[in-house]
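Reader: Walk me through this model. I want to learn how to read its contacts.

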Amino acid sequence: MKLNFIRPLGIAAILLLCAVFTSCNLERKEPMLKETGEVVGKQFTPDTRQTVTGTGFSSNGSMVITTHSIGEEEKYTVIFKCQHGVIFTINKPELYAKLKEGDSVIIDYYELVNKKGEVKDLDFVDANAVRK
């Protein structure tokens, strides 16, 4: 009976390791690229973290006190739309502070490529408003 349970776990572990090692094999492709875009929105979410303490009893009857942290840290989200129509968000306080909704921007980024040179992801570096 244990063999039936272990086999799917082993397969899942192998698939997970393959995914991890594949994503780790990405490299930045030089040079840094630039693309025009627009700030389509900004959103600030305050820190909502709280510490919660609970009490209960273990299976042997002794009292157990547990402490958990719930909630999320503050977020400074800037929503971009690049010249190709792709919408993405970046959570960086310094971007939130320097950009306004509606700003036209130049987005700096690198392409992340695998060993075959295929673009698999993009690495955002910065965005700066185009002042008129």
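**Salt bridges and core**

Author: Start with a charged pair: the side chains of Asp126 and Lys98 meet in a salt bridge, 3.0 Å from N to O. Asp126 sits in strand β7 and Lys98 in helix α2 (residues 93-98), so the pair ties together parts that are 28 residues apart in sequence. Helices (H or I, at least four residues) and strands (E, at least two) are DSSP runs, numbered from the N terminus. This is a predicted model: local features need pLDDT of at least 70, side-chain atom pairs count only at pLDDT 80 or more, and totals for chains, interfaces and linings use all residues. Residues are numbered from 1 along each chain as its sequence is written, and side-chain values use heavy atoms, with hydrogens and water left out.

Reader: What counts as a salt bridge? How many salt bridges does the count come to?

Author: A side-chain nitrogen of Lys or Arg must lie within 4 Å of a carboxyl oxygen of Asp or Glu. By this rule the count is nine.

Reader: Which residues are linked in a network of salt bridges?

Author: Asp47, Arg49 and Glu73. Asp47 pairs with Arg49, with the closest N and O atoms 2.5 Å apart. Arg49 also meets Glu73 (3.7 Å, N to O). Arg49 lies in the loop between β1 and β2 (50-57), and Glu73 in the loop between β3 (63-70) and β4, so this pair ties together parts 24 residues apart in sequence.

Reader: Is Glu73 buried or exposed?

Author: Buried means under 20% relative accessible area, exposed over 50%, partly exposed in between (1.4 Å probe, protein chains only). Glu73 is at 51%, so it counts as exposed. Arg49, at 45%, counts as partly exposed.

Reader: Where is Glu35, and what is the nearest side chain of opposite charge?

Author: Glu35 is in strand β1 (residues 27-45). Glu35 is buried yet has no salt bridge; the nearest side chain of opposite charge, Lys81, is 11 Å away. Here Lys and Arg count as positive, Asp and Glu as negative; His and the chain ends are not counted.

Reader: Which polar contacts does the side chain of Glu35 make?

Author: A polar contact is a pair of N or O atoms within 3.5 Å; within protein, one must be able to donate a hydrogen and the other to accept it, and residues adjacent in sequence count only if both atoms are side-chain atoms. Glu35 makes one with the side chain of His84 (3.0 Å). Another, at 3.2 Å, joins the side chains of Glu35 and Tyr109.

Reader: Which residues form the largest nonpolar core?

Author: In soluble globular proteins, nonpolar side chains tend to be buried together. A nonpolar core is a set of buried Ala, Val, Leu, Ile, Met, Phe, Trp, Tyr and Cys residues joined through side-chain atoms within 4.5 Å. The largest has twelve residues, including Val39, Phe80, Tyr109 and Phe124.
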